[in-house]
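Thanks for coming. Please look at the sequence and the structure on the screen before I start.

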Amino acid sequence: MKIIVLVKHVPDAQFDRHLTGEGNTTDRSESILSELDEYALEAALQLIEARGGEAAGNKVIALSMGPAGAVNAVKKSLQIGASEGVHLSDDALAGSDAAATSLALAAAIRHLGADTPADLILTGMASTDGETSLVPAQLAERLDLPQVTFASSLELDGATLTARRDGDAHADTVEATLPALVSVTDQINDPRYPNFKGIMAAKKKTITTLSLADIGVDPAHVGRSGSWTAVESAEARPARTAGTIITDEGDAGIKLVEFLAAQKLL
Amino acid sequence: MAKVLVFIDNPGQALKKASLELLTIARSLGEPAVALNGDLHDDVAATLGAYGAQTLYRPSAADLDDYLVGPKASYLAAAVQTADATVVLTENSAEAKEIAARLGIKLGAGVITDVVAVDPDGTAHKSVLAGSYITTAKATTPVAVLTVKANSITPEPAVTGTAPATVTVEVPETATAASARITARNEKAASGRPDLAEARIVVAGGRGVDGNFGPVEDLADALGAAIGASRAATDAGWIGHDAQIGQTGKTVSPQLYISAGISGAIQQKAGMQTATVIVAVNKDSESPIFEIADFGIVGDLFQVLPQATEEIKKRRG
Ligand SMILES: Cc1cc2nc3c(=O)[nH]c(=O)nc-3n(C[C@H](O)[C@H](O)[C@H](O)COP(=O)(O)OP(=O)(O)OC[C@H]3O[C@@H](n4cnc5c(N)ncnc54)[C@H](O)[C@@H]3O)c2cc1C
C-alpha cells in the first residue's frame, strides 16, 4: 500500500503571527510541522503497520510544498515514521492560494504515482495558518478521487474505506473505494512523537526535491499570478487587552450580572 | 446586473437566519437567485420570494444527500451556468465550504471563506490568523464563490417581493461516479438552545466544570445562550464534540462569550477572541484567558455561575 501524506510547514501558533510583504503572505520564520498534519501521519502509519509495515512493501510518503524551510516539516515526518519525503519547492509557488496550491499538489501527486499510483492521499483537516480547509476538497476534485473529509475514524477492509464524519446536526458513516482522498480531524488518534530510534533512522531516509518543471506545471498557473483570489489589504487587529479583573468575595455572580446589565447584554 | 446565486442545502420547514442573511447580501450585489437542494416547503418558497429571489433552481436528482459533497458541487456548477451567475454565496459550514471548494475548481473560480462582509463590488472582508488580522480579498476570476459566516448582517426582506419561477437543473450523470457514499446517518437530538454558530451569547465550560455542565447550562438558559466547550471538556466526553470552540472546533463571534473553567490556550482563543465582550470565570488568576477578558472573575465557577443565574432570574422577576 502506498500512502501520500500532505504535511505543511506553518508558523507556530504559540507566537504572534504576521502577514508581510506584497500580497500579504504569512511570515514563516518561526515555523513547525502543522500540528493537524500529525494526525494524518499517525493514521497513515497505523494503516501500513496493520498491513505488515514497510517490510511488506507498504510505504508512507510525506509531501510538503513550500519554501526552503518547509523541508523541516518533511524531516520531522521522517523522524515520526514516514518512509520517504518529498519537498515541492519553487520560487514561483510563493503566494499561491488554495486553488493554485491544489493545482501544484495534484501535479506532484500524479508525478509520484507515475509508476504505482497512491492508494490513499491523507491530509489534516485544515492547515493551522490558512485554516480554509479548501485544499483537501480541491485536490479530490482535481484528482477525480472520492473525498472523505473530516474523518474522525478510519477503517480499511480490502479496497473499501469506512469513516465517521461528525457534523453539526448529524454524524455520518461514509464509505469509499480506494484510491481516495481522506482528511482527518484531531479526534481520530493520538499522534506519536519522534523517538531516538526514529530520529536516527530518519537520517538515512531520502528526501526528493521537486521543482515545477519536474512535475510539469507552468509557473504562470501558480503563485500570486496563478491564484484566483488576491488579498488586497491586511490590517492587524489591535490585540485584546485585559479589562477589569475581580476576585470573588462571595458576590462575584451579582457583580457579573451588574456588568452584563451595564453592557446592555441582559 | 450581476446575477448572484445563493446555495441553500436542505432548508427544511423554515429558512435559517443565516440563509436570510445570504439573500440580503445577494440583493446588495445584484439580482438574487437561489439554488436549492432538498424539499421545498411552501413557507420557504414564500420567504425566498419575500427576500427577492428571482428564480429557484432545483436539482433533477433527489439523491444528492446520499453522497459526500462532490455531487452537490456538480449540481451547483450546473446551476451557476444555467443562471449565468457571477457570484455564488453559501453558508460557512464545513460542508458548504467543501462544496464551494470543489465548485471553485469546476468553474475556475476563486473561493473566499469565512467572509464577514461583502462590498457591492465583491470585495470580501474576513479575519485571519485566529482573528489577529482583518483582511480584504477579492476573486480575480469571472465568477467568485464566497462562504459567509452567520451573524454577518441583519436580514431584511426585499422592498418588493417576487413570485420566483422554479427551474430544474440537470445534474450531470457522472456527478456521483467518484464519490464517497453516506451509508448511515445519525441525527443528533436538538437541544432547544440557539445554534452555536449563530448565537448572540455563548456560555462555555472547560476542564474546570469537572464533568458537571449543570451550572453552565443553567446560566446559558437564563441568558438564552448557546453552550460551548473547550477541547478538554469534549475529549472527556462531558459534552458532544459539536460544542467544541476553537481551532479544531467552531469559531464563534457572539456579542457575549462567558468562559468558565477554561484556561484559554491559544487553540481555544482562536475560536472565540473575536467575541464583542468576553467574561471569564477561573480559579487561577494566572490563566491566560484573563489577558483577553473584558470582565474577569477569579473564583470558583460552582459559586459564581449559580449566583449569577439566580440574580438574572431575580431581576427578571
Ligand atoms: C492540534 C490541537 C488542536 C486543538 N484544538 C482545540 C480547540 O479547538 N479548542 C480547545 O478548547 N482546545 C483545543 N486544543 C487543546 C488546548 O491546547 C487546551 O489543551 C484546551 O483548550 C484546554 O482546555 P481547558 O481550558 O478546558 O482545560 P485546562 O487547560 O486544564 O484548564 C482548566 C481551567 O479550569 C480552571 N478551573 C478548574 N476548576 C475550576 C473551578 N471550579 N472554577 C473555576 N475555574 C476552574 C483551572 O484553573 C484551569 O485554568 C487543541 C490542541 C491541539 C494540540
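I will go through the interface between chain A and chain B.

This is a predicted model, where local features need pLDDT of at least 70, side-chain atom pairs count only at pLDDT 80 or more, and totals for chains, interfaces and linings use all residues. Residues are numbered from 1 along each chain as its sequence is written, chains are lettered from A and ligands numbered from 1 in the order in which they are written, and side-chain values use heavy atoms, with hydrogens and water left out.

Contact here means heavy atoms within 4.5 Å. By that rule, 78 residues of chain A and 87 residues of chain B take part. Together the two chains bury about 7100 Å², and 54% of that lies on carbon and sulfur atoms. Buried area is the accessible area (1.4 Å probe) that two parts lose on being put together, summed over both. On the chain A side, A:Trp228, A:Arg237 and A:Arg240 supply 12% of the area buried against chain B, more than any other three residues.

Next, the charged pairs. There are 8 salt bridges across the interface, each a side-chain nitrogen of Lys or Arg within 4 Å of a carboxyl oxygen of Asp or Glu. One of them joins B:Arg181 to A:Glu175, at 3.7 Å from N to O.

Last, the strands. Helices (H or I, at least four residues) and strands (E, at least two) are DSSP runs, numbered from the N terminus, and two strands pair if DSSP finds at least two bridges between them. Strand E14 of chain A (residues 229-236) runs antiparallel to strand E7 of chain B (residues 133-139), with 7 bridges. Within this pairing, A:Thr229 has B:Ala139 as its bridge partner.
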